[in-house]
Amino acid sequence: MTNLLTGALPKIVRVIPRNRNIEAMLLLFAVGLNAFELAQIQLSLLEKLTPEFFFYWLPPAILALVIHMILRSRASEADPMILPIALVLNGLGLSMIYRLDLGSIANGGTELFGTRQIIWTVIAMAVAAAVIIYVPSHLFLRRYVYVSMFIGIALLLAPSLPFIGRSINGARLWIGIGPLTFQPGELAKIALTVFFAGYLVTRRESLALTGRKVLGLRIPRARELGPILVIWAASLLVLVLQRDLGTSLLYFGLFIVLVFVATGRSIYVIVGMTMFITGALVASRVMDYVSGRFESWLNPFDSKNYDAVGGSYQLAQGIFGLAHGNLLGTGLGGGIPHLVPLAESDFIIASLGEELGLIGMFAILALYLLFVSRGLRIGFSHPDDFSKLLAAGLSFVIALQCFIVIGGVTRVVPLTGLTTPLLAAGGSSLLANWIIVGVLLRISDSVGGGKNES
Amino acid sequence: MNRELRRVSYVIFVMFLSLFIATTGIQIINADAYSQDQHNVRTAYDSYKTQRGAILVDGQPIVESVKSDDIYRYQRVYKDEMYSSVTGFFSLYQGSTGLESAMGSYLTGKNSSQFFEQISALLSGNPVQGASVELTIDPVVQKAAWDALGKKKGAVVAIDPKTGNILAMVSKPGFDANLLAVHSGEESNANYQDLLNDKDGPLLNRATTELYAPGSVFKVIMAATAVESGLYTKDSTFPNPTKFQLPGTNVFVQNSGEGKCGGKGTVSIADALRLSCNVPMAQLGIALSQERIRAQAELFGFGKKIKYPMTSTASVYPENMDEAQTALSAFGQYDVRTNPLQMAMVSAAVANQGVLMKPNLIENVLSSNLSVLAQPQPEIFSQPMSQATAQSVKEMMIGAVSRGVSGNARIQDVLVAGKTGTAQNGKGQPYTLWFTGFAPADNPQVAVAVVIADGGGQGQGGVGNSLAAPVARKVMEAVLRK
């Protein structure tokens, strides 16, 4: 009966952008959630609502709406979940940073992060909107593959340069001019992903098919291994010059995964990981800094490590914070997250875990997982190989970064100096991750080859 | 490429799975263990949400929480520095020590015995109030001990030998715990640094957690070992040379006067204790063997951390010594280490006819509605010797005070048993001075141990009898209200 009926009806060309309507609903939910968080924080810590509520609530909401409208006209088939998830995470981070500021004011602190974060949120979301407008198609970036390489390497090495390079907490990941500091590595990850994707698309055939077979494994020729060696050396250079294992692992992991996706040859993963682990182990022997991090990771509650300068104090305090949160958390404003150094940036996940509990942690992790899976989905279904690699690379870099940072706080891996994407205080990180949001939205619009997917 | 992407998504899934598992481990499975970690000050913060219970001596608070105007709502107030080694401190920034730590669960109302209160608090929304802790300390004795030590670094522990109740526990110099209880982190941290850097070590608990060479007070344990072994009586004699060559070395042991021990050709164990002679003790040590001495010392509590309910540092009788070292250990030198709590326990066991009662500081714990949550009863710690042995050791200790070199502990009309000690700490280092004993010897009401560190300010000039014995006498007099 139904079959007959549908069969009898004329085929309707979909003109309503269904994805955009889903997105609108989700955005409404996200905006509501952010309002709820901010209200809870103000009521808990100030016992009243103040106009500052709007200062933190409206700008991201309005910009999300702007991006939404731009998508309606310029990329109507873009993925409907990416923007709302990014908004929820960014809003949650903002709320927590504002909450920490309030706690800090109550304790006589003067260093506040909220205003800076909201300004950077506005800038980053505006840049994401610009990406959607000025990157007209998913193929656009492919024209800039080698430019991206130079930009990426320049950004990566900038902190090691004299005069503008800055060390913060032992890691040399920043550049600074006067009071302004910037972490160029965050932007480098985008440029390098573009470069890797473009490079691998052109070279995948030779990387995949050449080489002699030994014991059933096809061993790549030396010239094919050349670029891998270069990236490996660059990663270790980052490790040595910038003293950060996390950043180094992030770039190398990204590259190895993209090589694997492009060629389908696990030999690259095996060789790559072996090389990286060997390099890292050697570094841990040679560099006190790395071995110290390992020591703190294994025995954070040992008084020797706990009391050491640059030891496990922060890690232990973060874990105490998480444990304090238990299943349900203390509620926003109910905990004491400011006991952890860098509670607003590197350790924001511990602050959130304390106040939102295990349930909140699971929700945040699930949001990241969902975000990453939307990105991978673009990779799965996109007809164009470059876009496939780019989407997969950008998603993977977010996943790996989450793993390294949150895993560092929860002692899955040694602690390093990366930021939690979209949550943590820090302009460079926000900017980079919102650009990724913009690029993913742009690519996802063309998944259906320009036609409606449904 | 999609096949590879699928594999990558498995990898991502595993990475996130590990994060899910790790967070669950921290926030649920190990959460309790982390909340009790010594470095965790969150527990302290939490406890400010309720009014923390008071610590009482003779019904009067020596520590209490009073209302304050800041976000912490209560301010911890410490009344008297002489209790600093007992109460310890409770600080937002430095954690807690002493009874503030050991009785923390009662004081914050989180002890499992307050379960029903906690439930009703959960329902009514009113926080549980902390329970108050009444101590066995006698304020008169505590004050006497505090004053008697004067400006000297040292400690006193006085125990009721029949019950194990601690009547006084003093460590000098003390500290003002209010300095650490301030709510400003900057102030608290600065004050803490000052206390840590103070070369007199005010934060050290010399009564129970620091260890000192006992010197001749260890001879009481030797006397007990000798008689308890059945091989000797207090009248058993040893050769009485002026010097004794330590086996396998060129080192000679001498008595403190560098002469014989008494005028005779042989010397009894009782006289060796009375006159505190090293030569006969060295011979006795080798004859008894280190195993026998260690076994006896452990019955007195050596090698064990004692919970009273704070935790003491275990006293040490060294292992694997050669004969020379065993000989030195017999008069409390070499690596023998102990503290006043342990030595007071030794005297208490002798005083209580060979039965050692478990030391205890808690009279009772009362909840905010005055129901009794805990009331520790006297408990036997061990029986280190027979009644006969105890009687025999007691007689030797009486001799040491009434006719021997420990005479400064004598009290008018009261029979006092005791032993002094003057431990050497190496060339040029100030002596550690001791007294341990009990009174009245015929019906003991108090066992006491006094240690004076750093030579009592006199380098190698003072001896146990000149510096430690008078302090002990004042403490015993205070107990007997003389």
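Residues are numbered from 1 along each chain as its sequence is written, while chains are lettered from A and ligands numbered from 1 in the order in which they are written. In this predicted model local features need pLDDT of at least 70 and side-chain atom pairs count only at pLDDT 80 or more, whereas totals for chains, interfaces and linings use all residues.

Q: Why is α7(A) described as largely enclosed by the rest of the structure?
A: A residue is buried if 20 or more other C-beta atoms, placed from the backbone, lie within 10 Å of its own. Helix α7 of chain A (helices are DSSP runs of H or I, at least four residues) covers residues 184-209. It is largely enclosed because the buried residues number 20 of the 26.

Q: Which element gives the most to the side of chain A that touches chain B?
A: Residues are in contact if their C-beta atoms, placed from the backbone, lie within 7 Å. The contact takes 40 residues from chain A and 30 residues from chain B. Elements giving two or more residues to the chain A side include α9 (245-263) and α13 (313-325). With 11 residues, the element that gives the most is α14(A).

Q: Which residue of β14(B) is the bridge partner of B:L135?
A: Strands (DSSP runs of E, at least two residues) pair if DSSP finds at least two bridges between them. Strands β6 (residues 132-135) and β14 (residues 362-366) of chain B pair in the antiparallel sense over four bridges. In β14(B), the partner of B:L135 is B:I362.

Conventions
Expected span 1.5 Å × (residues − 1). Buried ≥ 20, exposed ≤ 12 C-beta atoms within 10 Å, placed from the backbone. Contact = placed C-beta atoms within 7 Å.
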